[in-house]
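I opened my notebook to look around a structure that was new to me. Here is what I looked up, entry by entry.

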Amino acid sequence: MTDVRRISNARRIAVAWRYDVPLVAGLTVLWALLWGSWTVLTLLCGVVLALLVTQLLPLPPVPLSKRLSLPRLLWFLVVWAGLVVAASFRVAWVAVRPRGVRRSSIVLVQLHTTSEMTFTLATLAISLVPGSYVADVDLPRRRLLLHVLDTERVEQVHAATREAHRIEEMVIRAIGSRQDVSELAEPLPEVTR
């Protein structure tokens with residue numbers, strides 16, 4: 001009986017290190033960022049608050065990919081930051097140009113991944129690029145509905161779709177599982193309503 005308890009305790013500790021510790025660390029960093037202060041008191045309050053949140057409001061563990069490619073993650077961050085900066089200038093120009101915005105579009109984008117975590121991270125990365133935002137998500141069918149600013153030509157709509165696919169691919173290659181990577185090679189299903 002004691003062996004079963006010992007195994008159960010060891011498993012609980014392993015799960016805590018795998019899920020709870022990164023969550024507490026992330027919530028602590030978020031707390032410090034919200035306060036704009038990195039003092040010992042701010043970090044200590046962040047740890048206490050994070051522990052309270054994780055213990056009083058427990059979430060089911062989210063299966064994470066055991067695969068992380070640091071070079072591809074760094075490449076994603078550099079390229080994504082470049083996309084954000086370029087899109088910021090594009091949106092600023094659209095806001096001040098004399099003719100304004102004549103047309104925007106709602107674009108249905110079919111993604112590759114079936115992993116909820118990878119899908120969510122790709123969706124967040126796509127939505128944080130200025131000039132478009134995710135208006136709706138259809139996880140079972142792996143689709144995003146994007147509102148794209150300034151699409152007077154069809155090529156601009158296709159460019160927004162290609163950019164979403166490029167961001168998804170970079171996220172998958174950086175942190176996706178082997179299954180996610182293999183899904184990149186599969187043809188996308190035809191997008192119908």
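This is a predicted model: local features need pLDDT of at least 70, side-chain atom pairs count only at pLDDT 80 or more; totals for chains, interfaces and linings use all residues.

**Entry 1: an exposed leucine**

I began with Leu44, which counts as exposed because its relative accessibility is 52%; exposed means over 50% relative accessible area, buried under 20% and partly exposed in between, with a 1.4 Å probe and protein chains only. Leu44 lies in helix H2, residues 40–56. Helices (H or I, at least four residues) and strands (E, at least two) are DSSP runs, numbered from the N terminus.

Residues are numbered from 1 along each chain as its sequence is written, and side-chain values use heavy atoms, with hydrogens and water left out.

Which residues make a nonpolar surface patch with Leu44? I found Val48, Leu49, Leu52, Val53, Leu56 and Leu57 with Leu44, in a patch of about 640 Å². Patch members have over 30% relative accessible area and no salt bridge; nonpolar side chains (Val, Leu, Ile, Met, Phe, Trp, Tyr) are joined within 5 Å, like charges within 9 Å. Areas come from the Shrake-Rupley method with a 1.4 Å probe, and for residues only the protein chains shown count as cover.

I then picked Leu49, also found in helix H2. Leu49 is partly exposed, at 35% relative accessible area. Its C-alpha atom is 8.4 Å from that of Leu27, 22 residues apart along the chain.

Next I looked up Thr28 in helix H1, residues 2–35. Is Thr28 buried or exposed? Thr28 is buried, at 8% relative accessibility. Leaving out residues up to four places away in sequence, Thr28 touches Leu43, Gly46, Val47 and Ala50; contact means heavy atoms within 4.5 Å.

**Entry 2: the core and a hairpin**

I turned to the largest nonpolar core, which has 21 residues. Such a core is a set of buried Ala, Val, Leu, Ile, Met, Phe, Trp, Tyr and Cys residues joined through side-chain atoms within 4.5 Å. Among the residues touching the most other members are Phe76, Ile126 and Leu144. Helix H3 (70–96), strand E1 (105–110), helix H4 (116–127), strand E3 (143–148) and helix H5 (154–175) each supply at least two core residues.

Val137 stands opposite Leu144. The hairpin of E2 and E3 has four residues between the strands, and Arg142 takes a positive phi near 60° there.

**Entry 3: charged pairs**

How many salt bridges does a search of the whole structure find? I noted six, each a side-chain nitrogen of Lys or Arg within 4 Å of a carboxyl oxygen of Asp or Glu. Glu152 and Arg99 meet in one, at 3.4 Å, N to O. Glu152 lies in the loop between E3 and H5 and Arg99 in the loop between H3 and E1, so the pair ties together parts 53 residues apart in sequence. Arg97, Arg99, Asp150 and Glu152 are linked in a network of salt bridges.

Note on methods: Two strands pair if DSSP finds at least two bridges between them.
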